[in-house]
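Let's take a friendly walk through a structure together. Have a look at it below, and then we will go through the details.

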Amino acid sequence: MVVEYSAFRRSRVSLAQLPAQHFDLFLSSFNDSFRVSALADAVTASRKAWIIHDEYRYAREELPPGDLVRAPQSVAPSESWVEVLAHFGGEDGLAGLRVAIDITGMMRPHIAMLPFALKQAGAREVTVYYSDPESYVAGERTRFTKGPVARVGLIPGMEGAHTNRPSPRDVLIIGAGYDDSLVKAVADDKPNAEHVVLLGLPGLQPHMYQESVLKLERARESIRDFRPASRSFAPANNPFATAHVIASRVASMGAVDHVYLSAVGAKPQVLGFSWYYWCDAAGGNSSFVHPFAERYERDTSNGLSMIHEYVLELDFVRSLGPPAALNASFG
Amino acid sequence: MRSPFEVTKAVDLDDPQIERTYVAFKGRERAIVDPASPMPQFLTGVKGGGRTHLMRHFSFALQSSRQKRPLLEIQTDGYLGVYFRCSGLNGSRFTGKGQSSEIWATVFSYYMDLWLTELLLATVVDIDSCEPWFGDAAALVSDVISGVVGSVSARMSNPHAPLVQAKEDLAALRAELDWAINNAAHTGRLEVSIRSNPGELLFKACQAVGRLPGMKNVTITFLADEYENLTEEQQIYFNTLIREKEAPASFLVGGRSWGIKTHKTLSAGEENKRGSEFDVLAIEDAYARDPKEYEAFCRHLITLRLTDFDLSAGEAQKWIARLSFESDDRFLSNRLAAVLSKYRPWERPYLARLGAAVRSVRTEAVARGVVEAVALPDCPLVEKLAVLRFYQLWSWGRDPSVETARTARHWVEPLLSGEQGPELDNFFRQRKSDAVAQIYNDANRQTAYAGFSELVAMSGFLPRSLLMILKYVSHWAEFHGEDVFGGSAPISERALSEGVRDAAKWYLADAKPLGTDGEECEIAVTRLGRYLQAMRYSDKPSEIDITTFSSNLHAISGEALAVLNRCLDHGLLAEVRGGRSSRNHGSTHRKFQLHPMLTPIWGLKPGRRGDMTFTTQTVEAIFSPAVTELAFSRARETLEVALNAPFGGAIDTREPLF
């Protein structure tokens, strides 16, 4: 099945427009950013719950009042999602509900697993919100991880199938953002793969593309073929365009043994990588690789400039049946 | 490509490029390791020693490129190289997901057997495609495989190609495992059917391949690269294969020193013993045993790169010579005159500082007289040595007077006429490098590095580091508008200095481990560099060309020792074999050198001469993650007070520190 990514629905809304829609359930990952709390206040929903990620290390007294559900820090976000969704009925718990989720403060591995987790919980369609910042607190020097990358590894459950040749042709597609240490870590982990850097263009704000490019320079020695001509581009705030660009790039590569995906840039871009994986690549020779850090900064942005709304039609998410074509490769 | 040094990693080279750029150390094919050896070998070291290049050179893909008839090449070589990267296994998959470590150990061992056997069959299929094994020979191999794992597919897709069929069957079994391993994360269940005992499939397949016509007396060597990517539990299984190996199988394991996590096995808890079950060699140690051969090896390697870039052999040699400074006299008069050209002779910074130091303890007239007494405006290097001698005399208790300055000048003056005795000659040879570095530093210029030998020494027996130096140097030279590969003028001092410094910064970022461990290592070597820098650029350096320290490490904390060992494992420090005898007690101190690639960051010299004895407190101040930056700065200031005029005001800061 060829997925027509441009057909998926997305729009921009203002804070004032948000209450026009009513949801049965609204979930948002709690952190100190104004844009996270402002969006949560504006949404109307029968039930609102905060997801509390361990990575932010909030003490009990720092947490907001209301419905809280802990997302344990786990090597496997699938296990973390199972615990979160158990609060809402577990398997089929979201069936028939109108669900909205704000991914602005969500951990990247959780976004990577989001479409599959929601489908497993019975949802068929989910509205995802992301709010653009006006700026980041330290401009292009903003670091989103707190402390260094602890390890790089495949996200369990997004590990795919693997061919076995002495010199395989692997490809690593990196969705890059400001944090060059994340790009370096993941590129160093897959030094043998061909590296494709996907940048957000246009960026979330006009200056952000150039700043990302400047930061990328610091990972130059880790990236194979650093030439700008080898890069790909997709709008940073459009996950469906990101998914489309990845699908096109993979298709244009010919026979490839394995495609590693790693999204360390803006959250909508991470969602785009995830959406491509679950709609196009799951069950095949693709996997999601991630640089895990122990802790994340609670507030990295200033203001709220715009809210993006994406509708995920989860029927497009592939099921993980047994391997149909054993040892199949792309192209 | 704009430079022959653009590609610096073996992973960025395809097979023909690997072969074209391969250089045999000492001109001998197996000078480092022997891939035909039945004794398993570990080839270790830090990043950039050339392990992957060497192992790929031994792989079947490259063996077959050296002969039209690959089987003939294999017979001549005495081995069949089955190369693979352990990173391809993505070992992190075999953990967690609600399964016990015992279950994962079992699944991993089965997966590893399938993986290795599949690779062996893929290699044998490649040979078969060039020189087919007719009749029943090939079928016997597939019979052995199916005898172990049973029937895999109901329908044979390749009935006339039994080797291909066997390989596809194994691939199918492995794909089922991939699927089950992935889905265990979602279901919490790991349902796999394990069809063979550990090692059985692999060694039976090796024996069957060994019985193929033409394979008699051929060792099947599994070239396992990037071994550090396996977890400790996974290495225990690999060690078990090494221990239980059956001829004709053998192993050559490549990995970083820190990545060899264990030699334990599953064989009744036994541990493999070096010399009995395996040999181990760090590739840079092989180079370090013969520095002259290493330099020749590097020269050959660079020449190959340059000739591949369309320079003739003669032009390549000339290009290497262009990395040296322009010719000068032994006092470097032209070079230093240029460095100091912005100052009038009596305003040279080291003379101004000398005057200020004397003025702080004597009168203005004495200060002026001292400066005039040591001034040798036509020969800055000897002038600088006269200043150093004056500081030495001062620190030994002589009055900082005009008389002492005259003594210092008279002591160095014979250098100008070439009539110096052995003591002065020795002083000149030993102190020249530090004095030149100080003149540069005083003039706000970066320390200069040049000459192929010095750059090779800086690489610290890591060829990739040399390539990185040349890559950065050529980038900077190009940036400054020099005709880098077409011209004949020496590469500029500026491009060399900037290139070397960039390469040093790259090395630090590249060599340090991931995570907090890496942050701690970076802080430690940065402190060490700053401490040694304070020594080298002091008025009276107590050691020459300092990059090395020794310590008994007796009372050092566990945290500091862990950071120090991590710096060693990752090539940020190097341990000097044999250590050094303690000056007071006759005991042996361990001796460590800042990796030469890092020395340009702090303007240090890459070679190893002087050796500073560190107290436990100093080692703690540098290596302990618990010591604050302020506390370290105080320790460094204590050193500075002791080594800079007026030499008397040393403050013991140990109490406030610890």
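Three salt bridges link chain A and chain B, where a salt bridge is a side-chain nitrogen of Lys or Arg within 4 Å of a carboxyl oxygen of Asp or Glu. In one of them, Asp12(B) pairs with Arg224(A), and their closest N and O atoms are 2.3 Å apart.

A word on how to read this: the model is predicted, so local features need pLDDT of at least 70 and side-chain atom pairs count only at pLDDT 80 or more, while totals for chains, interfaces and linings use all residues. Residues are numbered from 1 along each chain as its sequence is written, chains are lettered from A and ligands numbered from 1 in the order in which they are written, and side-chain values use heavy atoms, with hydrogens and water left out.

**Where the chains meet**

There are also 22 residue pairs in polar contact between chain A and chain B, both residues being at pLDDT 80 or more. A polar contact is a pair of N or O atoms within 3.5 Å; within protein, one must be able to donate a hydrogen and the other to accept it, and residues adjacent in sequence count only if both atoms are side-chain atoms. On the side of chain A that touches chain B, β8(A) gives the largest share, seven residues. (Helices, H or I of at least four residues, and strands, E of at least two, are DSSP runs numbered from the N terminus.) That side of chain A divides into 20 nonpolar, 12 polar and eight charged residues. Here Ala, Val, Leu, Ile, Met, Phe, Trp, Tyr, Cys and Pro count as nonpolar, Asp, Glu, Lys and Arg as charged, and the others, Gly among them, as polar.

Counting by contact (heavy atoms within 4.5 Å), 40 residues of chain A meet 39 residues of chain B.

**Backbone details**

Which peptide bonds are cis? The table gives one from chain A and one from chain B.

| Peptide bond | Omega | Loop holding the proline |
|---|---|---|
| Leu201(A) to Pro202(A) | near -5° | between β10 (194–200) and α5 (208–216) of chain A |
| Ala247(B) to Pro248(B) | near 10° | between α9 (232–244) and β4 (249–254) of chain B |

Look for Arg57(A) in the loop between β3 (44–53) and β4 (67–71) of chain A.
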